[in-house]
Amino acid sequence: MKTVIIHGQSHKGSTCHIARILADKIGGEISEFFLPKDFGEFCCGCTRCFVDSETKCPHYDKLAKITQTIDEADVIILASPVYVYHATGAMKAFLDHYGYRWMVHRPEEKMFKKQGVCISTAAGGGMKSTNKDMSDSLFYWGTAKIYKFGIGVFAIDWSKVSEKKKQRIKRKTDAIAKRIRRRQGRVMPGLKTKGFFWIMHLMQKNGWNEADVRYWKDKDWTGKARPWKKNAKG
């Protein structure tokens, strides 16, 4: 099993520790990227990824290694501390670059067989909205199964997190890792994902964006093919 962690910050605080704890429990090969150290560009809104190709993005080459690692992974962990009740700016800037992969455009079919986890921490609150910032992208990418774990650690340093909190973190990461391992190789998108895909399938039959329409037709997604079926590509 392969797991990739995208850290929404470059320092190794509580969020980083929890993401690593979970990845270790999942087992297998682990890759990590720290934002903005490993990628720190802002989307410039040129729309070339939408109307032409993602390869025309001015940051495509800088993002290529992370994209390849995500595509090769079985599990994607997005981890961000709470910054003013939302994900970090670095995480948001990173996710902005994958708008073209949303189901409304050109989703990568490998995503429909992957599992994703959103992890957030704060000294106080804001974990729900922070996890939503990240889970929105995972859902619209088509990720088959998404888990969320947010926790108020009441500390600004991992060494100051109470033992009681760490035991709760242990129990929660144990449970998530167990579910991920159990579903590996046979995870399927839920009804919400399939329903949204079906709406996009209808829309793309007479879509406005030539690049999107061509992509869906080439994969026969406007016909009977579906990315989560056994005969799907990727």
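Strand S1 (residues 2-7) and strand S2 (residues 29-34) run parallel and pair over six bridges. Pairing here requires at least two DSSP bridges between two strands. Strands are DSSP runs of E with at least two residues, helices are runs of H or I with at least four, and both are numbered from the N terminus. The model is predicted, so local features need pLDDT of at least 70, side-chain atom pairs count only at pLDDT 80 or more, and totals for chains, interfaces and linings use all residues. Residues are numbered from 1 along each chain as its sequence is written, and side-chain values use heavy atoms, with hydrogens and water left out.

Stay with S1. Valine 4 has serine 31 of S2 as its bridge partner.

Five of the six residues of S1 are buried. The cut-offs are under 20% relative accessible area for buried, over 50% for exposed, and partly exposed in between, with a 1.4 Å probe and protein chains only. Threonine 3 is a residue of S1. It counts as buried because its relative accessibility is 2%. Threonine 3 stands opposite valine 75 in S3. Its contacts, leaving out residues up to four places away in sequence, include Ala23, Ile30, Ser31 and Ile77. A contact means heavy atoms within 4.5 Å.

Now move to helix H3 (residues 60-72), which holds lysine 62. Beyond four places in sequence, lysine 62 touches Phe39 and Glu41. The side chains of lysine 62 and glutamate 41 make a polar contact of 2.6 Å. That term covers N or O pairs within 3.5 Å; within protein, one atom must be able to donate a hydrogen and the other to accept it, and residues adjacent in sequence count only if both atoms are side-chain atoms. Tyrosine 215 is 153 residues from lysine 62 in sequence and 24 Å away in space, C-alpha to C-alpha.

H3 also gives the largest share of the lining of the largest pocket, four residues. In all, 28 residues line this pocket, and Cys49, Glu54, Thr55, Tyr100 and Arg106 lie nearest its centre. Helix H2 (48-51), H3 and helix H8 (210-218) are the elements that each give two or more lining residues. A pocket is an open set of points on a 1 Å grid over the protein atoms alone, where a 1.4 Å probe fits, with protein on both sides within 12 Å along at least five of seven lines; lining residues have an atom within 4 Å of a point.
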